[in-house]
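Thank you all for coming.

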Amino acid sequence: LETVPTIRKLRAYAEQIRTSDLEKCLEKMGDNVNNNTRKAVEVLSRGIVNKLLHGPLQHLRYDGSDDRTLDETLENMHALNRMFNLET
Amino acid sequence: LETVPTIRKLRAYAEQIRTSDLEKCLEKMGDNVNNNTRKAVEVLSRGIVNKLLHGPLQHLRYDGSDDRTLDETLENMHALNRMFNLET
Amino acid sequence: VNVSNTDANVIMGEDDSKKENQENAFFEFKTALELAQKIKDPIEEKKAARGLGASMQRQGKHREAIKYHSMVLSVSEREGEDSGNTEAYGAIADCYTELGDLEKAATFYDQYIARLQAD
Amino acid sequence: VNVSNTDANVIMGEDDSKKENQENAFFEFKTALELAQKIKDPIEEKKAARGLGASMQRQGKHREAIKYHSMVLSVSEREGEDSGNTEAYGAIADCYTELGDLEKAATFYDQYIARLQAD
């Protein structure tokens, strides 16, 4: 449970990057972009972020059943907090 | 220097996700996609990946001058290896 | 009378900016939701519900936000089609985190994380 | 003679697949590079050089790959315009890593990492 705030912050961090870059991309495409294209680009941005976050977020969840120890999960959390500057 | 192989593998991991999702996106857009759109989408995919990797990769480099300790850098490396399954 | 009206407008104008825009957004999404339910368009219904949830979150109303994000999950269940569920699970978990209910947050994050690698 | 020609074709066909495609790619990029240099189009010149570098990497020829990726950096310097440099630094570092020269790899990764947040 201690890792929940880190999950929250890492999600927010990634979402900010995603929406900002997506906006810039749609701006560049101009007004004549159709809904199909808009949707494909949205799915692209979400897909990349989700797949990149999958590993780290999975390693922040400790369900007691698998090989991972609680210590390791907390080390992952500390490393992510450092690397993404999430403590603030 | 010990962290160099991790940098290499994390880059490769992210690049595989990026190119695969980018390809799917361009397929969905079909043949009538112009060069401007194609370039915007390519820049989007690269921008998201680069910005998300920036924190972790920066924390894998230890130049001896800043606050970060060598131990911390190695802990970051171990955590990334675990979380992205890079050891194989 | 004129002066006090103007004052009121100034104060309202100052209250504008982000929050006012959120309220405009709320009413737009609300209208969209009712319309989507009337014409029975589940995809638009989910989009409107997600928009309402996001708008509530930005206003700090996390309980209401959970209600709207959960609507996405119900529509998915009703229609047997799960688009938007990953984001809904994540958003609901975010709200529970903000409300300090880390147990519930963890449950929803687990659902969210389990879906991250799908396309 | 006919049979042996066909045999040769079968063998060549079997040799196709990935590696052959890489070689085709190499010749296409090589032609593109020469054309771009002739018509003095630095952007296309860099794209062709990057393509040649990537193609060499996929064939495991990391020294040659470094040569082509470095060409991107030289064109940038010549033109005073740095598009493609981030990727070139990263790719050169990857090649040095594969060659076991971790010192050089680290130097190029530093250049790469320093550029990751720019747009």
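This is a predicted model: local features need pLDDT of at least 70, side-chain atom pairs count only at pLDDT 80 or more; totals for chains, interfaces and linings use all residues.

**The A–B interface and aromatic pairs**

Let me begin with salt bridges: across the interface of chain A and chain B the rule finds 4 of them, a salt bridge being a side-chain nitrogen of Lys or Arg within 4 Å of a carboxyl oxygen of Asp or Glu. Residues are numbered from 1 along each chain as its sequence is written, chains are lettered from A and ligands numbered from 1 in the order in which they are written, and side-chain values use heavy atoms, with hydrogens and water left out.

One salt bridge joins the side chains of A:Arg82 and B:Glu75, at 3.5 Å from N to O. On the side of chain A that touches chain B, α1 (4–29), α2 (35–58) and α3 (70–83) each supply at least two residues, helices here being DSSP runs of H or I with at least four residues, numbered from the N terminus. The largest share of that side, 14 residues, comes from α2(A), and by class the side has 18 nonpolar, 7 polar and 8 charged residues, where Ala, Val, Leu, Ile, Met, Phe, Trp, Tyr, Cys and Pro count as nonpolar, Asp, Glu, Lys and Arg as charged, and the others, Gly among them, as polar.

How much area is buried between chain A and chain B? The value is about 3,100 Å², of which carbon and sulfur atoms give 69%; buried area is the accessible area (1.4 Å probe) that two parts lose on being put together, summed over both. In chain A, the residues that lose the most area to chain B are A:Leu52, A:Arg82 and A:Met83, together 24% of what that side buries.

Turning to the rings, there are 12 aromatic pairs over all chains, counted when ring centres of Phe, Tyr or Trp (its six-membered ring) lie within 6.5 Å, with planes under 30 degrees apart called stacked, over 60 edge-to-face and the rest tilted. B:Tyr13 and B:Phe84 pair edge-to-face, 5.3 Å centre to centre with 65 degrees between the planes. Because B:Tyr13 lies in helix α1 (residues 4–29) of chain B and B:Phe84 in the segment after α3 (70–83) of chain B, this pair ties together parts that are 71 residues apart in sequence.
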